[in-house]
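Try each task before reading its solution.

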Amino acid sequence: MGTLNGKARWTSWGYPDLDEILGPLAPVRLYVIGARPSCGKTTLLANILNAIYSENRSTPRKVLCYWTELSPEVMYQCWAAMRLNLEEDAVLMGDWETASQGTGIEAEWVRETLEVEVGQLRQEA
């Protein structure tokens with residue numbers, strides 16, 4: 001993360017090649033990610049959000065995301081699945097047992113956490 005006068009000014013994309021080609025993410029800028037269906041836009045965005053979150057835990061940043069294909073709830077579930085190493089397709093289908101297999105996380109906890117968080121998203125939106 002870069003700083004100017006002690007304040008955070010930019011953040012890595014989480015992909016060194018993007019940082020090199022585009023430069024780091026800068027505050028108060030609009031970035032548009034577009035591609036044909038099934039090219040990995042959601043995964044890319046989830047990874048970028050994860051990089052922003054991981055790099056700025058001590059000074060959280062607000063990030064506005066708008067997508068035309070997914071609801072905020074679905075995007076949150078994709079991001080949470082990635083953070084928890086869950087099977088993303090199973091999470092999106094609500095198959096909590098399959099989603100949590102091999103993670104050591106109880107399926108009921110996953111269900112309650114994602115459903116509560118999605119409900120909180122709706123209240124805060």
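This is a predicted model: local features need pLDDT of at least 70, side-chain atom pairs count only at pLDDT 80 or more; totals for chains, interfaces and linings use all residues.

**Exercise 1. Confidence**
Find where in the chain confidence is lowest and where it is highest.

Solution. Now go to the elements. Strand E1 (residues 2-4) has the lowest confidence, at a mean of 49. Helix H1 (residues 16-22) has the highest, at 89.

**Exercise 2. Helix H3**
Compare the reach of helix H3 with its expected span, then list its buried residues.

Solution. Helix H3 covers residues 72-83, which is 12 residues. From first C-alpha to last it reaches 16 Å, close to the 16 Å expected at 1.5 Å a residue. Its buried residues are Glu-73, Met-75, Tyr-76, Gln-77, Cys-78, Ala-80 and Ala-81. Just after H3, Asn-85 takes a positive phi of about 60°.

**Exercise 3. Ser-100**
Decide whether Ser-100 is buried or exposed.

Solution. First place the residue: Ser-100 lies in helix H5 (residues 96-100). Next take the cut-off: buried means under 20% relative accessible area. Ser-100 has 6% relative accessibility, so it counts as buried. Last, look for a partner. A polar atom of the Ser-100 side chain lies 2.9 Å from the backbone oxygen of Trp-96.

**Exercise 4. A pocket**
Describe the second largest pocket by volume and lining.

Solution. Its volume is about 850 Å³. The lining has 27 residues. Nearest the centre lie Tyr-31, Leu-45, Val-63, Leu-64 and Cys-65. Sort the lining by class: 19 nonpolar, three polar and five charged residues.

Terms used:
Residues are numbered from 1 along each chain as its sequence is written. Side-chain values use heavy atoms; hydrogens and water are left out. Helices (H or I, at least four residues) and strands (E, at least two) are DSSP runs, numbered from the N terminus. The expected span of a helix is 1.5 Å times one less than its number of residues. Buried means under 20% relative accessible area, exposed over 50%, partly exposed in between (1.4 Å probe, protein chains only). On a 1 Å grid over the protein atoms alone, a cavity is a set of points where a 1.4 Å probe fits but cannot get out, and a pocket is an open set with protein on both sides within 12 Å along at least five of seven lines; lining residues have an atom within 4 Å of a point. Grid points are joined across faces, edges and corners, and a volume is the space filled by probe spheres set on the points. Ala, Val, Leu, Ile, Met, Phe, Trp, Tyr, Cys and Pro count as nonpolar, Asp, Glu, Lys and Arg as charged, and the others, Gly among them, as polar. pLDDT is the predictor's confidence in each residue, from 0 to 100. A polar contact is a pair of N or O atoms within 3.5 Å; within protein, one must be able to donate a hydrogen and the other to accept it, and residues adjacent in sequence count only if both atoms are side-chain atoms.
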